[in-house]
Amino acid sequence: MFSNRRERRGGLGLLLLLERLMSVGNVGPVTLLTIAGQSLLYMGIINPPWQSYDVCLSGESILHFKSYRRLLLSAIEHSDDIHLYHNMVSFLFKGRTLERLFGSVKFFILLVVFTLATSLTYVGLAWAATEYFKSYSYMKKCAVGFSGVIFALKVLTTHYERSYYSQVMWFTVPSKYAVWAELLIIHILVPRASFIGHLAGILVGVAYVYGPLNGVVNAIYTTVAGPPRPSYTYAHGMTRGYTYR
């Protein structure tokens, strides 16, 4: 009789992540719970009825085997503690900024939409690569991890910070090229990293900033939280008008 119970896992990456969390203040609840949930899942303290290799994302698993749960579950699994550490530290700073900007409810909706959109884009890119290069290997490549969503969030933080230059590892580059530079550098330094997964995240971020995804997130948020209420402002006892927030 076989058990689905996960082996308990630890590692240096978890200790480094804990140290980083303790050194950073004012982390929003959604950001904190997202990091805690993925960490506890990796450690085996959260014990779902699947193993990480059961839910890795590939074009084949979605288009041929219809395993749609992978569209969400693959993003919250990680291959090892260092993979988890790098993703969660990167998410920590992006989540801290964006959750403060959007509010916790809208940020949570943003994460869910970005996770699904990034996974669907990954599948689309895998299919397109298979058709263009005439190689089925792209459909079979299986990926786990939150980095695609993180790349999408990086597009947003770069857009809203509106700085002219950004630091990407050892290089200073114009901010509008920062995510593309990071995509190439990571692909060179870490060949095992999913180039298609990271590219999918960038495309989703661009679709939010410049395309229709912003409207999708806003529509869901309005459905959940209701329409924006007028916020009245006063000066010297006189009404100066109101704005929506």
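**Helices, loops and a pocket in a predicted model**

Biologist: What span should the 13 residues of α11 have at 1.5 Å a residue, and how far apart are its end C-alpha atoms?
Modeller: The structure is a predicted model. The expected span of a helix is 1.5 Å times one less than its number of residues. For the 13 residues of α11 this gives 18 Å, and the distance between the end C-alpha atoms agrees, because that too is 18 Å.

Biologist: What distance does α10 reach from its first C-alpha to its last?
Modeller: Helix α10 runs over 195-210 and has 16 residues. At 1.5 Å a residue, 22 Å is expected. The distance reached is close to that expectation, at 22 Å.

Biologist: Is L199 buried or exposed?
Modeller: L199 lies in helix α10. Leaving aside neighbours within four places in sequence, L199 is in contact with L125, W180 and L183. Buried means under 20% relative accessible area. The relative accessible area of L199 is 18%, so L199 counts as buried.

Biologist: How far apart in space are L199 and L120, C-alpha to C-alpha?
Modeller: In sequence, L199 and L120 are 79 residues apart. In space, their C-alpha atoms are separated by 12 Å.

Biologist: Which side chain makes a polar contact with the side chain of E182?
Modeller: E182 is found in helix α9 and counts as buried, because its relative accessibility is 17%. Not counting residues up to four places away in sequence, E182 touches F151, K154 and V168. The polar contact of E182, at 3.4 Å, is with the side chain of K154.

Biologist: Which side chain makes a polar contact with the side chain of E77?
Modeller: E77 is placed in the loop between α4 and α5. Its relative accessibility is 1%, so E77 counts as buried. At 2.7 Å, the side chain of E77 makes a polar contact with that of W50.

Biologist: Is K134 buried or exposed?
Modeller: K134 is in the loop between α6 and α7. Its phi is near 55 degrees, a positive value in a residue other than glycine. A residue over 50% relative accessible area counts as exposed. K134 has a relative accessible area of 70%, so K134 is exposed.

Biologist: What is the relative accessibility of K66?
Modeller: K66 lies in the loop between α3 and α4. Its phi is positive, near 55 degrees, and K66 is a residue other than glycine. K66 counts as partly exposed because its relative accessibility is 47%.

Biologist: How many residues in the lining of the largest pocket are charged?
Modeller: The largest pocket has a volume of about 1300 Å³ and a lining of 44 residues. The elements that each supply at least two lining residues include α5, α8 and β1. The lining divides into 21 nonpolar residues and 17 polar ones, and the charged residues number 6.

Biologist: Which residues of the lining lie nearest the centre of the largest pocket?
Modeller: Helix α10 is one of the elements that supply at least two residues of the lining. Nearest the centre of the largest pocket lie H83, S147, A193, S194 and H198.

Methods
Residues numbered from 1 in each chain as written. Predicted model: local features only at pLDDT ≥ 70, side-chain atom pairs only at ≥ 80, totals over all residues. Heavy atoms only, no water. 1 Å grid on protein atoms, 1.4 Å probe; cavity = no way out; pocket = protein on both sides within 12 Å on 5 of 7 lines; lining within 4 Å. Points joined across faces, edges and corners; volume = space filled by probe spheres on them. Helix = DSSP H or I, 4+ residues; strand = E, 2+ residues; numbered from the N terminus. Nonpolar A, V, L, I, M, F, W, Y, C, P; charged D, E, K, R; others polar. Buried < 20%, exposed > 50% of the residue type's maximum accessible area, 1.4 Å probe, protein only. Polar contact = N/O pair within 3.5 Å; in protein donor to acceptor, adjacent residues only side chain to side chain. Contact = heavy atoms within 4.5 Å.
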